[in-house]
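Please find below a colleague's note on the model, arranged as numbered points. It treats a sheet and then a pair of helices.

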Amino acid sequence: MKLTNRNLVTIDDVSNDEMEALFCLADDMANSLDSQYGLCQGKIMASLFFEPSTRTRLSFEAAMLRLGGRVISAVDVGATSLAKGESIADMARVVGSYADVIVIRHPWEGAARVVADYAGVPVINAGDGGHEHPTQTLCDLYTIRKQRRTLKALRIALWGDLRHGRTIHSLIYALARLGASILFCPGPGLELPEHVLRRLSTEYKGELRRCANLNQGPERELFPIDAVYITPSSPHQLAMLPDISVRVELKAGVDALYVTRLQKERQAPTVEQQELKKKYPVVDKELLKGKEFAKTLVMHPLPRVDELACEVDSDPRSMYFKQAAYGIPVRMALIAILLGTRDVAISREYNSFAQKVEHPVYKRDSGVKCCNTNCVSNQETETKYMRPEFRIVSSEPLTLRCIYCEHELHAKYVASSDWHQGKLENKKYHSANSHWARKIKPGNLIIFASEDEAQAQQFKPSSYVTR
Ligand code: CP
């Protein structure tokens with residue numbers, strides 16, 4: 001198995017075993033940081049950061065310099081030709097002809113995938129809007145592995161802005177693949193997006209258990225948990241147990257508490273946001289006195305704002321500055337592997353708890369668009385060359401997942417491109433939930449966002465249209 005010339009756009013672009021091989025190489029690199037200088041001599045990394053960054057950008061650049069390579073960079077959209085209306089696909093083609101590897105951070109969800117589609121060199125997603133941040137997950141898992149000596153059957157609590165936190169989304173998929181139990185502790189209104197929850201329950205073989213009852217009662221016995229996700233590796237199958245047993249199980253301890261800040265840049269500044277800021281849950285010494293946190297690693301991707309008290313910094317359980325420091329050996333290992341200057345042996349130690357599901361693709365010139373306004377497929381500069389593209393992830397209800405940002409939408413009206421006998425009078429559209437709609441083969445499916453759109457394309461309503 002070779003990792004050379006691959007892209008890392010989502011955490012699912014590397015398998016568990018490949019991740020373990022990368023971590024072994026990172027161990028080697030960490031032990032001899034100063035002896036890696038010849039590995040990438042003559043290679044160039046383009047570092048494109050169109051959102052603020054301290055850790056990711058500087059650790060990628062330092063990693064490349066330590067490998068003996070060189071870095072070209074752009075850190076402000078306004079200083080590039082994107083500001084003149086250039087598409088990111090054109091930018092990717094050009095930068096791909098200047099550099100051997102591209103690292104990109106961009107506020108649009110799915111931007112890294114477009115760059116990967118057009119660059120012709122390996123592309124690493126350093127954060128695309130609220131979607132994913134896979135190399136942060138590599139640093140997070142490397143930190144846990146260093147401390148715990150294993151990544152198997154972990155119990156991890158995720159804290160804060162689970163809705164918009166891209167580090168959370170990448171970490172969740174990796175943890176689910178590794179067979180972890182995950183406790184969700186969101187701030188108010190900041191629960192995981194529905195599409196992430198749906199993927200967890202349909203593709204990662206685990207069970208999602210909502211547990212509002214855990215936090216009721218005269219005294220709150222546990223930290224505030226919204227839901228528990230359990231993969232089949234969990235020894236006691238918590239999902240099968242009543243609330244009281246879940247409570248007892250959780251008191252046995254949490255391996256890591258992963259804290260995240262309120263992602264205020266991903267929300268419109270409103271009065272509600274000011275209120276949310278006041279109600280945002282804080283991790284401090286008092287919370288960490290809980291028995292369940294006695295041996296817990298306190299983690300944070302950083303930057304922190306107010307959600308993690310500075311008094312925790314001197315606590316031996318705090319890991320967040322180590323996570324940031326491990327960015328160097330982890331990213332050195334990643335760059336060297338993708339550029340093919342170091343090979344790694346892939347063992348078969350870690351099973352994956354994810355099912356590789358090949359969903360049919362839906363891609364047509366006209367029809368539905370992604371429902372996420374921040375998706376790259378909805379941006380004016382990109383729509384000139386790009387067609388919205390989806391995977392059909394469920395037929396009942398008919399559900400499409402955008403291939404760029406992974407937001408999901410439910411189709412309302414559908415038609416077949418192969419209408420009966422090719423006669424215009426048979427060119428009909430139907431409600432997506434009708435039994436007639438379910439007979440249409442995925443390859444013939446046409447999906448409309450509205451009846452107006454169907455009629456604009458000369459389709460007429462069938463008797464299977466409900467309003
Ligand atoms: N963790 C992380 O992505 O930090 P930066 O935004 O500073 O890169």
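**Notes on the sheet and a helix pair**

1. An open sheet is formed by four strands in the order E11-E12-E13-E14, with antiparallel pairing. Strands (E, at least two residues) and helices (H or I, at least four) are DSSP runs numbered from the N terminus, and two strands pair if DSSP finds at least two bridges between them.

2. This is a predicted model: local features need pLDDT of at least 70, side-chain atom pairs count only at pLDDT 80 or more, and totals for chains, interfaces and linings use all residues. Residues are numbered from 1 along each chain as its sequence is written, and side-chain values use heavy atoms, with hydrogens and water left out.

3. E11 and strand E12 (residues 389-395) run antiparallel and are joined by three bridges. Val361 stands opposite Arg391 in E12.

4. Helix H7 (residues 194-203) packs on the sheet and touches E12, strand E13 (398-402) and E14; contact means heavy atoms within 4.5 Å. The direction of H7 makes about 110 degrees with that of E13.

5. The axes of helix H5 (residues 134-148) and helix H6 (residues 166-177) come within 8 Å and cross at roughly 60 degrees. Axes are lines fitted to C-alpha atoms, for helices over the stretch in contact, and angles run from 0 to 180 degrees between N-to-C directions.

6. The contact involves Pro134, Gln136, Thr137, Asp140 and Leu141 of H5, together with Thr167, Ser170, Leu171, Ala174 and Leu175 of H6.
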